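Thanks for coming. Please have a look at it first.

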Amino acid sequence: MSEANPEAPSYAPFIGSLGVASAIVFSCFGAAYGTSKSGSGIAAMSVLKPELIMKSIIPVVMAGIIAIYGLVMAVLISGKISLPPKYTLFEGFVHLGAGLSVGLSGLAAGIAIGIAGDAGVRGTAQQPRLFVGMILVLIFAEVLGLYGLIVGIYLYTREN
């Protein structure tokens with residue numbers, strides 16, 4: 001432990017770095033799942049209606065936005081991490097909470113986007129009127145990741 005400040009142990013930056021890793025890793029897992037699941041739906045749909053491929057890219061783009069949320073939080077947190085006398089254990093755990101908030105909500109949103117996007121693009125190929133309903137469901141799935149980002153930014157701005 002740091003002898004100058006017992007509230008700033010030497011492992012405090014490691015806890016904050018776990019927040020950085022959590023934000024980017026979990027949100028990218030969610031984005032990757034959403035992209036792959038929606039992409040397989042696009043591939044299956046394009047056999048029947050190849051003219052709808054560009055319309056069906058929307059779930060893939062929305063899944064990619066989830067990864068951007070994790071990237072933003074990871075960059076914000078990593079900019080605040082410093083050496084132990086200035087970086088306390090409280091800040092480390094708050095940054096871990098912020099990273100987990102963004103990462104795990106991004107994972108959940110990516111899974112929801114993948115499942116809804118896959119079913120949505122397959123259904124839109126059979127019934128084009130389902131497109132608007134698919135977009136609405138995807139927006140509600142995307143907002144789960146946005147909620148995590150809002151909570152993460154709130155935690156990130158917390159002071160001692």
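Start with Lys37, which is partly exposed, with a relative accessible area of 28%. One thing to keep in mind is that this is a predicted model.

Which residue does Lys37 form a salt bridge with? The partner is Asp118, and the closest N and O atoms of the pair are 3.8 Å apart. Lys37 sits in helix 1, residues 12-48, and Asp118 in helix 3, residues 89-126, so this contact ties together parts that are 81 residues apart in sequence. Asp118 has a relative accessibility of 11%, and the cut-off for buried is under 20%, so Asp118 counts as buried.

How many salt bridges does a search of the whole structure find? It finds two. The other one to show you is between Arg122 and Asp118, with the closest N and O atoms 2.7 Å apart. Here both residues lie in helix 3, four residues apart, which is about one turn of the helix. Arg122 is partly exposed, at 37% relative accessibility. Through shared partners, the salt bridges join Lys37, Asp118 and Arg122 into one network.

Now the annotation. The unreviewed UniProt entry places the feature "transmembrane region" at residues 12-35, 56-77, 97-118 and 130-156. I will take two of these spans. Residues 12-35 are 100% helix and 0% strand in the model, with the end C-alpha atoms 35 Å apart. Residues 130-156 are likewise 100% helix and 0% strand, and their end C-alpha atoms lie 39 Å apart.

That is what I had; I will take questions.

Definitions and conventions:
Residues numbered from 1 in each chain as written. Predicted model: local features only at pLDDT ≥ 70, side-chain atom pairs only at ≥ 80, totals over all residues. Heavy atoms only, no water. UniProt positions renumbered as here; feature names shortened; annotations may be inferred. Helix = DSSP H or I, 4+ residues; strand = E, 2+ residues; numbered from the N terminus. Salt bridge = Lys/Arg side-chain N within 4 Å of Asp/Glu carboxyl O. Buried < 20%, exposed > 50% of the residue type's maximum accessible area, 1.4 Å probe, protein only.
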